[in-house]
Structure formats: C-alpha cells, structure tokens
Amino acid sequence: MPSPLPARRLLVAVALVLAAGCAPADTNDNAPAAGASCAPGALPTRTAGTLTVGTDEPVYPPWYIDDDPTSGRGFESAVAYAIADQLGYPHDKVTWTRVPFNAAIQPGPKTFDLNLTEFSITDERRQAVDFSAPYYDVKQAVVTVASSRFAGATSIDGLKTARLGAQVGSTSYEAIVSQIAPATQPAVFNTNDDAKLALTNGQVDAIVVDLPTAFYMTSAELTDGKIIGQLPPAPGTPEQFGAILDKGSPLTKCVSDAVDRLRAAGTLDQLEQQWLASAGSAPELR
C-alpha cells in the first residue's frame with residue numbers, strides 16, 4: 001500500500017480540485033469581464049458616470065437628423081438614448097464623439113463605450129470588435145437617377161453591366177459584390193455623400209445603400225433620384241445592425257441586455273415606426 005501524500009501535497013491537490021470545480025464550463029466573447037456588473041449608472045465606462053456614444057461624421061437622416069446625434073432625433077440617436085436610459089444614464093450623462101466609419105470597426109482601443117452608425121453584424125467584424133444584440137433588420141437598395149440608362153432595370157441581371165458604387169467597408173459594397181456581381185469592379189467612397197456626388201456627376205450609374213437611406217436620398221437629396229429596387233435577403237441570418245464596442249468590453253452584455261429589453265417592450269418597434277416607417281418599400285429585384 002502506498003504511503004499517504006505529504007500534507008503539503010495533499011493541500012495542493014485539494015486546492016486544484018476546488019479550483020477546477022469553480023471554473024466556468026464555457027466562455028462567451030460577449031460576456032462581461034470578471035467582476036463587471038450592470039449596476040445602473042455605475043458601469044465601467046471610459047469616463048466614470050458618463051456614457052460615451054460614438055458615430056460617424058457626417059451622419060444622415062433618417063438615422064440622425066441635421067447631423068446632430070445629441071438631439072435624440074433620428075432612429076439611431078433615439079435608440080442610443082433609449083439604451084443609455086436602460087443602463088442608468090439619463091440624457092445629460094450621455095456624451096458623443098465622432099469616429100470615421102471604417103476606423104470604428106478596426107482592431108484596437110476605442111474612444112467610445114458604444115457606437116451606432118448602421119454597423120451590420122458580420123463574423124469578419126467580430127474578429128475586431130464586439131457587437132450588441134441587433135436593433136434593426138437591414139435591407140439594401142439600389143439608387144440611381146431618372147436619366148440613367150439603368151433606371152428602368154427590373155432585375156439583378158439588368159444591373160450586371162452597370163458601374164456601381166458604395167461606401168467603403170460597408171455591407172452595401174459587399175452586397176454589390178456578392179449579390180449583383182457586376183462586370184466592372186465596384187467603386188468605393190469614403191461616405192454616402194461622396195457616393196451620391198459620384199452618381200450625380202455620372203461617375204457611376206447607381207449606388208447601393210440601406211433602404212431607409214435610399215428613400216431619404218431620392219426624396220430629399222437627389223434631383224430626379226430613383227430607387228431601382230431592393231436586393232433580396234441574402235441566404236442565412238438576415239443582415240442586422242448592432243452597436244459596436246471594444247473587443248472583450250465589459251459593457252457588451254449590459255448593452256445587449258438593454259437592447260433585448262427595448263425589443264421586448266416594443267420600444268424598438270415604436271422608434272422604427274416613428275423614424276423609418278415613412279421610408280416605405282420598394283420592388284424586390286430578382
């Protein structure tokens with residue numbers, strides 16, 4: 001019979017067993033860091049007692065009105081303040097910072113706690129940032145002007161020879177490549193304003209943007225603007241917008257829980273009706 005373990009070795013063995021019993025069975029990239037909590041108004045934000053929200057510059061209706069994210073007017077501005085309220089930060093405890101769209105989704109520390117700028121949730125972007133639970137289901141649309149020879153297109157095949165463009169780093173650009181697959185390499189632009197100018201100047205035949213933006217562009221910004229149609233949903237999970245946060249942020253689960261509560265309470269639907277319903281619909285391209 002082997003001799004008993006020395007006392008010190010026995011204590012170490014017991015400690016290891018206890019530690020193993022207390023270890024988590026699984027890990028979740030969107031779980032808060034150890035010790036973090038969702039105590040209202042007391043989250044581990046960049047500035048204690050303040051929630052910093054990021055967005056692009058400029059920003060456009062119907063997501064933000066008059067390029068003023070602080071107003072609470074526009075769908076994403078209203079959603080940001082609704083999330084902040086759920087987290088225990090009233091309007092006067094919310095501050096805003098501007099970050100270029102493409103810079104916001106790059107790896108590295110952020111200058112904001114969360115950012116709402118029509119960021120579509122993708123696996124590729126998840127490698128660099130965290131996403132909250134989705135707050136909006138996205139549809140992409142093709143926009144042109146009435147004088148374009150593609151204005152009468154009724155199908156995706158009818159756009160194969162068009163010169164198309166979209167904002168750099170956007171899922172609108174990805175939709176051009178994967179769903180339309182035009183014969184000519186799509187053009188990329190720093191902002192939707194640049195894309196719209198290129199369309200007006202005849203540098204491209206059409207551009208792709210999300211559907212609410214398409215309706216705003218054609219009704220208020222483009223002379224003789226026209227929506228050719230919306231692209232059908234891509235296979236699999238529908239495209240959705242989510243707030244982005246630092247990779248591994250202790251706030252991610254708190255923000256996701258806040259979005260889920262807003263959805264369950266019907267608040268997201270109400271805000272969508274208030275700010276996006278007027279966008280209407282458009283024929284689906286096949």
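Predicted model: local features only at pLDDT ≥ 70, side-chain atom pairs only at ≥ 80, totals over all residues.
Helix H2, spanning residues 75–86, packs on helix H8, spanning residues 252–264. The axes of H2 and H8 lie 9 Å apart, and the packing angle is about 110°. Because angles of 65 to 115 degrees count as roughly perpendicular, H2 is classed as roughly perpendicular to H8. On the H2 side, the contact is formed by Ala 82, Ile 83 and Gln 86. On the H8 side, Val 255, Ala 258, Val 259, Arg 261 and Leu 262 take part. Sorted by class, the contact of H2 with H8 comprises six nonpolar residues, one polar residue and one charged residue.

The largest pocket in the model has a volume of about 780 Å³. Its lining consists of 32 residues. Of these, Val 138, Ala 234, Thr 237, Pro 238 and Glu 239 lie nearest the centre of the pocket. Several elements give two or more residues to this lining: helix H4 (123–126), strand S5 (136–137), helix H5 (171–180), helix H7 (211–221) and helix H9 (267–275). The greatest share comes from H5, which gives five residues to the lining of the largest pocket. By class, 15 residues of this lining are nonpolar, ten are polar and seven are charged.

The second largest pocket has a volume of about 210 Å³. Its lining includes Asn 102, Ile 105, Gln 106 and Pro 107, together with Thr 122, Glu 124, Arg 125 and Ala 128. Gly 169, Ser 170, Tyr 173 and Glu 174 also line the second largest pocket. Helices H4 and H5 each supply at least two residues of this lining. Both helices are also among the elements that give two or more residues to the lining of the largest pocket. In the second largest pocket, the lining residues divide into four nonpolar, five polar and three charged.

Aromatic pairs were also examined. The structure holds ten of these pairs, one of which is formed by Tyr 64 and Trp 96. The ring centres of Tyr 64 and Trp 96 are 6.0 Å apart, with 90° between the planes. The Tyr 64–Trp 96 pair is edge-to-face, because planes over 60 degrees apart are counted in that class. Tyr 64 is located in the loop between strand S1 (51–55) and H2, whereas Trp 96 belongs to strand S2 (residues 94–98).

Methods
Residues numbered from 1 in each chain as written. Heavy atoms only, no water. Axes fitted to C-alpha atoms, helices over the stretch in contact; angles between N-to-C directions. Helix = DSSP H or I, 4+ residues; strand = E, 2+ residues; numbered from the N terminus. Parallel < 35°, antiparallel > 145°, perpendicular 65-115°, else oblique. Contact = heavy atoms within 4.5 Å. Nonpolar A, V, L, I, M, F, W, Y, C, P; charged D, E, K, R; others polar. 1 Å grid on protein atoms, 1.4 Å probe; cavity = no way out; pocket = protein on both sides within 12 Å on 5 of 7 lines; lining within 4 Å. Points joined across faces, edges and corners; volume = space filled by probe spheres on them. Phe/Tyr/Trp six-rings, centres within 6.5 Å; stacked < 30°, edge-to-face > 60°.
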